[in-house]
Amino acid sequence: MSDLVWHHLNLCARGDPNETIADAALAVRDGDIAWLGAARDLPREFARWPHEDLGGAWVTPSLVDCHTHLVYGGDRADEFAQRLAGASYEEIARRGGGIVSTVRATREADEDALFASAAARLEPLLSEGVGAIEIKSGYGLEFGSERKMLRVARALGRRYPVSVYTTFLGAHALPPEYAGRADAYIDDVCKRMLPALADEGLVDAVDVFCERIGFTLGQSERVFEAATRLNLPVKMHAEQLSLTGGAALSARYRALSADHLEFLDEAGVQAMKEAGTVAVLLPGAYYFIRETQLPPIDLLRRHGVPIALATDSNPGTSPSTSLLAMLNLGCTLFRLTVPEVLQGVTRHAARALGRGDRHGELAPNRPADFVAWSVGTLSELAYWMGRPLAARVVRAGATVYTAPASRWISGVAADARASNRPKGA
Ligand SMILES: [Zn+2]
């Protein structure tokens, strides 16, 4: 790849709007950043390189979505409508709804179908500047289907300009065929599924849903033990619906992150701080299930626990394909500040993946993965609701996405208005 200097830009290299460089330049060699700083300080050796003008755009590191369930079969839009029309959870479950319906649809879908449906959700994330994403298994709940999900996640990473990190979440829910035998299922997860999937190179980390409606603390610890034996990092869906002590357990296993955390207590916060475990907050799920218990933001701040935000993209509780929407929800619902949410989808999210060395920050000798935004201030990234903001997405120094030019066709809108006019008006 050829050498290039990007210039005429305002740089926010660490995702913190309090640390910016106006009129900056970025020199890229072989896909990595060779130099960055104020344009007037550009060393002479780079001045001769070809220059690309970014028109005064704000530039941040590419975004990182560190918690998603992006690969699954079907969706739950009908169930959403039924609930709004008054159906109870029990009625929906009797009609075969809930997570069981996603498990069934995921088991039935082949890899091509899963790939196509996940790609349709991935593309909007990429077009708003996501350069690294975590994708979990957990809707197969048996070896072949969990494997299929992870293979599709890997295939997405090969097809699209994004780094995909896979997480084995076999302990997401109890499959119907193991009803009443949760310990036997955890045996299968730990002794058969995880070692075989790890052996195939399909697992970057291991996750557990530790909750009254998920798995117990003891079962979660068995999964962590199995992961540790394979040298795989762990993370946990913890303290979402009740305080179980899952975050403290995660900290004992030096988890990359503990996620959700609405019911987290101060002892758990302290344990996370000491272990360096990132707090991943998921405002999309909080919003969608109309949760009212707020995560302990002030405790996390006071103890200096890094906070990340993610979409939790999934069919049941967060059918979101926008990480920027999470910035807005994080600010409005959790009262996080703009610097907190921006670092929450860059630096801190990269750390939650265990890849703070590669993603979430722009610095010399790191990949030139960045986004040029069509905004006047960085606060706009958290302010707009649903407005496309990425003008250009660059990966390893190469432009991989530019905002599409307007496709409006003149004349059509006026005709449509005429035909929609109510009769007799
Ligand atoms: Zn989740």
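**Overall architecture and the setting of Ser 320**

The accessible surface of the chain amounts to about 18,500 Å², and carbon and sulfur atoms account for 51% of this area. The model is a predicted one. Of the 425 residues in the chain, 55% are buried.

The secondary structure consists of 17 helices and 15 strands. The radius of gyration of the chain is 22 Å, close to the 22 Å that the globule rule gives for 425 residues, and the chain is therefore as compact as a globular protein of that length. Along the principal axes, the C-alpha atoms fill a box of roughly 70 × 70 × 40 Å. When contacts between residues at least 6 apart in sequence are considered, 68% of them join residues at least 24 apart.

Ser 320 is located in the loop that runs between strand 12 (307-309) and helix 13 (323-334). The relative accessibility of Ser 320 is 11%, and this residue therefore counts as buried, the cut-off being under 20%. With residues up to four places away in sequence left out, Ser 320 is in contact with Thr 311, Ser 313 and Met 326.

Methods. Residues are numbered from 1 along each chain as its sequence is written. This is a predicted model: local features need pLDDT of at least 70, side-chain atom pairs count only at pLDDT 80 or more; totals for chains, interfaces and linings use all residues. Side-chain values use heavy atoms; hydrogens and water are left out. Helices (H or I, at least four residues) and strands (E, at least two) are DSSP runs, numbered from the N terminus. Buried means under 20% relative accessible area, exposed over 50%, partly exposed in between (1.4 Å probe, protein chains only). Contact means heavy atoms within 4.5 Å. The radius of gyration is taken over C-alpha atoms; the globule rule is 2.2 Å times the number of residues to the power 0.38. Accessible areas come from the Shrake-Rupley method with a 1.4 Å probe; for residues, only the protein chains shown count as cover.
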